[in-house]
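Student: I've just opened this one and need a quick tour. Can you walk me through it?
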Amino acid sequence: MAQSKSTKQSKQSETSAFTYAETKRLEIMERRYRKAARTQFEQRVAYYHTITGGHYTSITIRDQKSRWGSCSSSGTLSFNYRLIFAPSIVLDYVVVHELCHLTHMNHSKDFWNMVATVMPDYKIYKQWLRDHGQELTLEAHLTRLGIPLTI
Ligand SMILES: [Zn+2]
């Protein structure tokens with residue numbers, strides 16, 4: 001699941017304007033959101049796994065620059081923590097997508113049919129990620145909530 005490459009560059013230029021204390025504060029907040037993301041992903045994987053079946057071995061939470069999720073051949077499900085900033089149904093779509101890879105390790109017609117069986121309107125959320133994925137940063141999230149980035 002690819003996303004725009006411009007995110008990294010714009011994030012770096014934004015964070016370089018912060019003081020040491022501000023950077024530390026943002027790091028602490030990021031850690032909290034990562035923890036929340038882990039809880040959310042574990043719960044949603046447990047729920048959707050009862051529908052999709054398949055065998056997974058572990059769940060890892062990452063801050064992948066170019067992926068929303070992945071599924072290894074050994075059954076490790078990886079998710080991008082920044083999905084915690086997306087509408088929860090979009091996070092669910094990525095969970096369903098990766099869980100379906102436990103059955104189909106490709107993007108074949110059978111794979112997409114399985115995704116559609118679990119989540120009939122998945123195309124809306126797939127498109128939402130294409131359109132809004134690059135807005136899923138801690139800085140943008142705090143700004144949307146009206147929480148200042150600087151102190
Ligand atoms: Zn995929």
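Student: What pattern does the chain follow along the sequence?
Tutor: The pattern reads α-α-β-β-β-α-α-α-α. The chain has 6 helices and 3 strands. Helices (H or I, at least four residues) and strands (E, at least two) are DSSP runs, numbered from the N terminus. This is a predicted model: local features need pLDDT of at least 70, side-chain atom pairs count only at pLDDT 80 or more, and totals for chains, interfaces and linings use all residues. Residues are numbered from 1 along each chain as its sequence is written.

Student: How much of the chain counts as buried?
Tutor: Of the 151 residues, 22% count as buried. A residue is buried if 20 or more other C-beta atoms lie within 10 Å of its own, exposed if 12 or fewer, and partly exposed in between, with C-beta atoms placed from the backbone.

Student: And what share of contacts is between residues 24 or more positions apart?
Tutor: They make up 62% of the contacts with a separation of 6 or more. Two residues are in contact if their C-beta atoms, placed from the backbone, lie within 7 Å.

Student: Let's go to helix 3. Where is it, and how far does it reach?
Tutor: Helix 3 covers residues 88–100, 13 residues in total. From first C-alpha to last it reaches 18 Å, close to the 18 Å expected at 1.5 Å a residue. The expected span is 1.5 Å times one less than the number of residues.

Student: Why is helix 3 described as largely enclosed?
Tutor: Because 11 of its 13 residues are buried. Among them are Val90, Tyr93 and Glu98.

Student: What do those buried residues pack against?
Tutor: The partners are helix 2 (20–52), strand 2 (69–71), strand 3 (76–80), helix 4 and helix 5 (122–132).

Student: Take helix 2 then. At what angle does it pack on helix 3?
Tutor: About 50°, with the axes 9 Å apart. Axes are lines fitted to C-alpha atoms, for helices over the stretch in contact, and angles run from 0 to 180 degrees between N-to-C directions. That angle makes helix 2 oblique to helix 3. Angles under 35 degrees count as roughly parallel, over 145 as roughly antiparallel, 65 to 115 as roughly perpendicular and the rest as oblique.

Student: Which residues make that contact?
Tutor: Helix 2 brings Gln40, Phe41, Arg44, Val45, Tyr48, His49 and Thr52. Helix 3 brings Leu91, Asp92, Val95, Val96, Leu99 and Cys100. By class, the contact has 8 nonpolar, 3 polar and 2 charged residues. Here Ala, Val, Leu, Ile, Met, Phe, Trp, Tyr, Cys and Pro count as nonpolar, Asp, Glu, Lys and Arg as charged, and the others, Gly among them, as polar.

Student: Is Ala46 buried or exposed?
Tutor: Ala46 lies in helix 2. It counts as exposed, because it has 11 C-beta neighbours inside 10 Å. Its C-alpha is 9.8 Å from that of Val95, 49 residues away in sequence.

Student: Now helix 4. How does it cross helix 3?
Tutor: Their axes come within 9 Å and cross at roughly 135°. Helix 3 and helix 4 are therefore oblique to each other. Val96, His97 and Cys100 of helix 3 meet Phe111, Met114, Val115 and Val118 of helix 4. That contact has 6 nonpolar, 1 polar and no charged residues.

Student: Where does Met114 sit, and what does it touch?
Tutor: Met114 is in helix 4 (residues 109–118). It is buried, with 20 other C-beta atoms within 10 Å. Not counting residues up to four places away in sequence, Met114 touches Cys100, Thr103 and His104. The C-alpha atoms of Met114 and Cys100 are 6.7 Å apart.
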